[in-house]
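I opened this entry to record what I looked up in the model. I went from single residues to the whole chain.

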Amino acid sequence: MKKTAAVFGVFFCLFLLAGNSLGAQSEVSTLRGMSLNGATGLYAVPTARTGWEKDADVGIDAGASYNFISENPMIKMGISLFHWVEITGAIDLQPEIRSNTDGVLGAKLQFPTTKTALALGGNIQFLREKRYSAFHVNYFTPYGGYFTSHGGYSTAGQIYAAATYSGEFFSWPAETTFALGYTFVKDNKDNFDFGMGFDLLLLPDILQRFAHWIVDFSNFSYTAQPLGTNPWARGSLNTGIRVDLAAVPALSRFKFNIDLMLLDLLDEDRSVVLGLVFGLPLKR
């Protein structure tokens, strides 16, 4: 707990600097990527943004990611409505030996603020629990036997409030996000959620709007049953590079992001994840 508090303190100071350096207010860019569970956000932490809040009355996003360590892909979709509402979904195709397939449905409502974005959101998670029991000897297969399996489905849910504000960090545009929430999980009493993170535009004079450094730290993950991250022991630090291909003039009408993520970087079960998000406006 002391280690977690110390890490939170260090990152809290860094994020205050990122958001308030010289009191500047500026926009990172039109980039609004998807978190791992589909909500507009960083990696685990949702932001107070919606997918197409300034660019379209109706916009749709689709994404996919692959965890190279746990070998599980995810697919995600989201729709943004009227600049201030989004509805999202994700399917986590976990390996069968762990729990098979999980699903997440989420929604977010952004308030009509000016400089600082504020939002309320939540999700419901459908978690498949697959457990293996007795080992049966089978002399007719090269593996010697097999396990019988049984299981079922459980549910979890999360509600959260998020605040996102723009500033500069050493003259580089940055957005800082704080999120507070609660996760409802059966037989678990320690469910208060806290997360923070930032999106920093890297070398804007050289790379323009192409490269973003994403960092978030939280005591929750994309679901209550994730692979490749264990945030409940002492929190999870996730970081990576988000490439904004919509910075190419020919692609500026669309959303086209590539993520290279390092999840739970400070622990031994860290993961490397590659993600892709594509979106387009349906009604401007």
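The model I am reading is predicted.

I started with Asp 264. I found it in the loop between β11 and β12. Is Asp 264 buried or exposed? Its relative accessibility is 0%, under the 20% limit, so I put it down as buried. Its phi is near 50 degrees, a positive value in a residue other than glycine. I kept the background in mind: most residues other than glycine have a negative phi.

Then I checked Glu 71. Glu 71 has a positive phi too, of about 60 degrees, and is not a glycine. I located Glu 71 in the loop between β1 and β2, the latter covering 72-81. Glu 71 has 54% relative accessibility, over the 50% limit, so it counts as exposed.

**Entry: Asp 61**

I placed Asp 61 in strand β1, residues 58-67. At 5% relative accessibility Asp 61 is buried, because the value falls under 20%. Which side chain makes a polar contact with that of Asp 61? I found Trp 52, at 2.9 Å. I also listed contacts, leaving aside neighbours within four places in sequence: among them are Met 34, Gly 51, Lys 76, Lys 255 and Phe 278.

**Entry: Phe 210**

I looked for Phe 210 and found it in the loop between α2 (204-207) and β9 (211-218). Phe 210 has a relative accessible area of 27%, between the two limits, so I noted it as partly exposed. Its C-alpha atom is 8.2 Å from that of Arg 242, 32 residues apart along the chain. Beyond neighbours within four places in sequence, Phe 210 is in contact with Arg 242, Val 243, Asp 244, Ala 247 and Val 248.

**Entry: nonpolar cores**

How many residues make up the largest nonpolar core? I read 21. Those with the most contacts inside this core include Leu 36, Val 45, Tyr 222 and Met 261. β5 (117-137), β6 (145-169) and β11 each give two or more residues to it. A second, separate core has eight residues, including Leu 200 and Phe 217.

Leaving aside neighbours within four places in sequence, Leu 36 is in contact with residues including Tyr 43, Ala 90, Tyr 222, Met 261 and Leu 263.

**Entry: nonpolar surface patch**

A nonpolar patch of about 740 Å² includes Tyr 66, Phe 68, Ile 258, Leu 260 and Leu 276. β11 (255-263) and β12 (271-283) each supply at least two of its residues. I picked out Leu 260, which lies in strand β11. Leu 260 has a relative accessible area of 49%, so I wrote it down as partly exposed.

**Entry: whole chain**

The protein chain has two helices and twelve strands. From the N terminus, I read the order as α-β-β-β-β-β-β-β-β-α-β-β-β-β. Of its 284 residues, 49% count as buried. The chain exposes about 14,000 Å², with 68% supplied by carbon and sulfur atoms. Among contacts between residues at least 6 apart in sequence, 56% join residues at least 24 apart.

Terms used:
Residues numbered from 1 in each chain as written. Predicted model: local features only at pLDDT ≥ 70, side-chain atom pairs only at ≥ 80, totals over all residues. Heavy atoms only, no water. Patch = residues over 30% accessible without salt bridge, like charges linked within 9 Å, V, L, I, M, F, W, Y side chains within 5 Å. Areas by Shrake-Rupley, 256 points an atom, 1.4 Å probe, with all protein chains shown as cover. Salt bridge = Lys/Arg side-chain N within 4 Å of Asp/Glu carboxyl O. Helix = DSSP H or I, 4+ residues; strand = E, 2+ residues; numbered from the N terminus. Buried < 20%, exposed > 50% of the residue type's maximum accessible area, 1.4 Å probe, protein only. Core = buried A, V, L, I, M, F, W, Y, C linked by side-chain atoms within 4.5 Å. Contact = heavy atoms within 4.5 Å. Polar contact = N/O pair within 3.5 Å; in protein donor to acceptor, adjacent residues only side chain to side chain.
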